[in-house]
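Hello,

Here is the structure I promised to pass on to you. Have a look at it first, and then read on for what I found around the ligands.

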Amino acid sequence: MKISADTSDVVGFTPYSIVELPVSVSTANEYLTIHWDNGQSSDFHYLWLRDNCTCAECVTTLTREQMFEICDVPLDIKAESVSISAENRLVVQWDFESHQSSYHPGWLKTHCYSKEAREQRKILPKIWDKQRISQELPVHAFANIMQQDDDLLVWLRDLRDYGVTLVTEVDTSGAALKAVAERIAFIRETNFGTLFEVKAKPNANSAAYTTLRLPLHTDLPTRELQPGLQFLHCLVNDASGGESILVDGFKIAEYMRVHHPDDFKALSTLSMSFYNKDKDSDYRFQGPPLVTDSSGAVVEVRLANFLRGPLDIPADQVMSLYSGYRRFMKLTRESKFQYFHRLNAGDLLVFDNRRVLHARNAFDLRQGERHLQGCYVDRDELLSRIRVLERTSKLDA
Ligand code: OGA
Ligand code: ZN
Ligand code: ZN
């Protein structure tokens, strides 16, 4: 039952539908409990509620940013009275400074932090192996994502969830890649340029600009923040060889967590070194190849054999890290994890560079030219664009 989408005084631009109605409120020492009309309930700490007051005194209407500071009220602040208004809002009269707050029911439900609600809100990656991605690879036509915002949204959600998509029929005259990337946001510039040209070059400053095989890797592990999305647009591919291979790094990591827990632990806790030196730049970063979040989930993969520097970790950990790294790389070579695709002119592979490893076979230019154009867009930009599109889209969440 969707009752209304009232955005009136809610911080930000997101409309909050009122799906459940609050029927009563009970209070305890540190928190209150809202009982919803579907039988569920949500606990909210007084301090949390006070922190999230959206009145014009607490949040400046100009920028929608919080002016109120939580250290300016007592830690044990309590409600003097609570009620549900005629508009189904929770109204709290505070026992400090006579402040009153009023909360939109849809906003409260959306921000409920019970274990179940937090689980439900999680957007889980669709982790794949060769079999799954062969059946489910999201393919989108260039014209559709350029012209229709809903098609753009579906593409971007696919990119977020699978970490890889193929865009087809992309104009090969040279201007299309920038235009596609800018459908999301601005491009991340690096020392390789805003757009980089992937072809064999006489004075190559990267293995990518030779005809050599590139083993499975992420780009720019040498940087504190690896680029989030990588775009590889095929303009010409008449050379023999040069096929692309993609592997879901999250899949390998999860496989290792189950089957080789010691190797998983080494890769997620010990730092590897990554170097890239050129005439005018000298990038170095040390960090674990598998990055986990506070819940232990793998959120990032960082690996490129051709950009590794000497290990610089305590001596008694060197063998563990080598064991983990060797294991990971051997697993990436197993065909059951590899998605294989020969790029045709007009194909554009877009993938999450902090999750999906990419590789190419060596190629031979005697048959013809091979030219890809590439660029990067950060993950934040992808997620931000999805949220903005969702504000007005009629597509289901
Ligand atoms: C790169 C890269 C792959 C290819 O440029 O980072 O990995 O197919 N290129 O040439
Ligand atoms: Zn307030
Ligand atoms: Zn690469």
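A polar contact here is a pair of N or O atoms within 3.5 Å. Please keep in mind that this is a predicted model.

With that cut-off, arginine 360 makes such a contact: one of its polar side-chain atoms lies 2.8 Å from an oxygen atom of ligand 1. Arginine 370 also places a polar side-chain atom 2.7 Å from an oxygen atom of ligand 1. For aspartate 219, a side-chain N or O atom is 2.9 Å from an oxygen atom of the ligand. Taken alone, ligand 1 exposes 290 Å², and the protein buries 97% of that.

Where does ligand 1 sit? You will find it in the largest cavity. Strands β12 (214-217), β13 (229-237), β23 (356-360) and β25 (370-377) each give two or more residues to the shell around it. By class, that shell has 5 nonpolar, 3 polar and 3 charged residues. Among the residues around ligand 1 are Val198, Ala208, Leu214, Gln230, Leu232 and Leu372.

Now to the metal. The zinc ion (ligand 3) has His217 (NE2), Asp219 (OD) and His358 (NE2) as its protein donors, at 2.0 to 2.1 Å. Along the chain, these donors follow the spacing H-x1-D-x138-H. Because histidine 217 lies in strand β12 and histidine 358 in strand β23, the pair ties together parts that are 141 residues apart in sequence. His217, Asp219 and His358 are also listed among the residues around ligand 1.

Best wishes

Notes:
Residues are numbered from 1 along each chain as its sequence is written. Chains are lettered from A and ligands numbered from 1 in the order in which they are written. This is a predicted model: local features need pLDDT of at least 70, side-chain atom pairs count only at pLDDT 80 or more; totals for chains, interfaces and linings use all residues. Side-chain values use heavy atoms; hydrogens and water are left out. A residue is near a molecule or strand if one of its heavy atoms lies within 4 Å of it. A polar contact is a pair of N or O atoms within 3.5 Å; within protein, one must be able to donate a hydrogen and the other to accept it, and residues adjacent in sequence count only if both atoms are side-chain atoms. Accessible areas come from the Shrake-Rupley method with a 1.4 Å probe; for residues, only the protein chains shown count as cover. On a 1 Å grid over the protein atoms alone, a cavity is a set of points where a 1.4 Å probe fits but cannot get out, and a pocket is an open set with protein on both sides within 12 Å along at least five of seven lines; lining residues have an atom within 4 Å of a point. A molecule sits in a cavity or pocket if more than half of its atoms lie within 2 Å of its grid points. Helices (H or I, at least four residues) and strands (E, at least two) are DSSP runs, numbered from the N terminus. Ala, Val, Leu, Ile, Met, Phe, Trp, Tyr, Cys and Pro count as nonpolar, Asp, Glu, Lys and Arg as charged, and the others, Gly among them, as polar. Donors are N, O and S atoms within 2.8 Å of the metal (3.2 Å for Na, K and Ca); water is not among the atoms, so sites may look incomplete.
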